[in-house]
Amino acid sequence: MLFSSLIFLFAFLPLLILVYYAMPSKGRNAVLLLFSLVFYAWGEPKYLVYILASITIGYLAGLLIHRFRGKFMAKLAMILATVSTLGLLGYFKYADLFITTINGVIGSTIPLLKLALPIGISFYTFQILSYVIDVYRGNSEVQKNPINFGAYVVFFPQLIAGPIVRYVDIEQQLRTRHCSWDKAYRGAVRFLVGLGKKVLLANQLGALVAAFDGSAEQSVLFTWLSLIAYMMQLYLDFSGYSDMAIGLGRLFGFEFPENFNYPFLSVSLTEFWRRWHMTLGTWFRDYVYIPLGGNRVSKGRWLLNIIIVWGLTGFWHGAGWNFLLWGLIFGAALIGEKLWYGRFLEKNRWFGHIYTLVVFLFTLVLFRANNLTEALRGFSSLFGLHGQVLSNTEALYHLRSNLILLLVSVVACTPVPVRIMNRCEKSKLAPVVTILKPIGLVVILLLSTAFMVDGSFNPFLYFRF
């Protein structure tokens, strides 16, 4: 079930809100757990057993760590929970990649498993691991209530696309949280803004990208146009989903961490990755980079730590060697910024800004491809090395037809709309804004609904990862 679907907006969510607020406070986590399981099972009920198994493993590991704290059994429970949860992720996500690689290297004919990737497994695996590790480290208390723990893992707003909510982030909120009309209103605003980004912008950019993929005459202009559209689609799609998740959390009294902070304003790749998918970055920092020694080791080991983290980051995003290469490229670039040219980028901000956007844009060729061969062809197509003409009628048609969409999307990737709204709310126009803001949100809902009714093109890119 997608947030940007009619069944979710006009059936699932209203029913949940009604039941949730009718329930006494002590029973609300049970309501969230039940509805979240229904939400997850709606798309693929056969995989419900795996998320329930992961919840059980994490819950029992926490109890064992607490019971045998300071003893070998606690460490064993942590290790077994880590291996088993990562094992499930590896089995579903990477088994066919390694089988294909082995077949290609030694000439074997091992059949592929062709497993469908359970939705959200990359996210809920990391959430369970953060809980188990934090309990082992003593950074958080054990959760003895299985309903509360299950609600933490499977809570539907962040289940399928993040942000990656660590247990320590909402430990107290699981026990008690404050619900108010103000928080619910702010949550609704955030949700509808995210819905608009997703349906009205990202989906339409996705249609442009799909038109390129289905074109028989892919000119150089069309190739660049589709790549730029894909870059903005990826951001607006994922950040829009994060906005919706954060907004939904507020509707039920939770405050989730932010996941994006206008990454396209960055003047270096170091800054970019502090602004893009921030919860993933902090997860790898706290549970991989720092345990490896971080930068408090020899220079060679420090550089190796960076490469390991970014190799794993790339692999987390997709089961393909192109994703590993994608991550390693960023690791190498970040090392370059730390050792050589980072200060230059900070001093020459316009150059740094262009450099960051260009590098990220080029790496998306790897990110978008299904394999290294396809990525190589994508790179060469950007420069017409496959005999493409510079431009043609089809490319110019799509450019003219989507020019307004592209310009609005560029603005939507910046803080300009938020800054204008904030200034208006603090100016003499505040009374007018108070009236127009709810009207604007209703318009977003109506337009989004119209687009959902009218068409079936409603992808979510991170379902792939």
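# A guided tour, helix by helix

Start by selecting helix H15 (residues 349-368) and helix H16 (residues 372-381), whose axes come within 8 Å and cross at roughly 145°. Axes here are lines fitted to C-alpha atoms, for helices over the stretch in contact, with angles running from 0 to 180 degrees between N-to-C directions. Helices are DSSP runs (H or I, at least four residues), numbered from the N terminus.

Before going on, note that this is a predicted model: local features need pLDDT of at least 70, side-chain atom pairs count only at pLDDT 80 or more, and totals for chains, interfaces and linings use all residues. Residues are numbered from 1 along each chain as its sequence is written, and side-chain values use heavy atoms, with hydrogens and water left out.

Now show the side chains between the two helices. Phe362, Val365, Leu366 and Arg368 in H15 meet Leu372, Glu374, Ala375, Gly378 and Phe379 in H16; contact means heavy atoms within 4.5 Å. By type, the residues of this contact are six nonpolar, one polar and two charged. Here Ala, Val, Leu, Ile, Met, Phe, Trp, Tyr, Cys and Pro count as nonpolar, Asp, Glu, Lys and Arg as charged, and the others, Gly among them, as polar.

Next, select helix H6 (residues 146-154). How many of its nine residues are buried? Seven are, leaving H6 mostly covered; buried means under 20% relative accessible area (1.4 Å probe, protein chains only). Colour Asn148, Phe149, Gly150, Ala151, Tyr152, Val153 and Val154 to see the buried ones. Their packing partners are helix H2 (28-43), helix H3 (48-67), helix H5 (121-137), helix H7 (156-159) and helix H8 (167-175).

Move on to methionine 452, found in helix H20. This methionine counts as buried because its relative accessible area is 12%. Leaving aside neighbours within four places in sequence, methionine 452 is in contact with Ser4, Ser5, Leu6, Leu9 and Val199. For a distance check, pick leucine 292: its C-alpha atom is separated from that of methionine 452 by 46 Å.

Finish at the largest pocket, which holds about 1,200 Å³ of space. Among its 35 lining residues, the closest to the centre are Val193, Lys197, Tyr262, Pro417 and Val418. Which helix gives the most to the lining? H9 does, with 10 residues. The lining as a whole divides into 19 nonpolar, eight polar and eight charged residues. On a 1 Å grid over the protein atoms alone, a pocket is an open set of points where a 1.4 Å probe fits, with protein on both sides within 12 Å along at least five of seven lines; lining residues have an atom within 4 Å of a point. Grid points are joined across faces, edges and corners, and the volume is the space filled by probe spheres set on the points.

How values were computed: Buried < 20%, exposed > 50% of the residue type's maximum accessible area, 1.4 Å probe, protein only.
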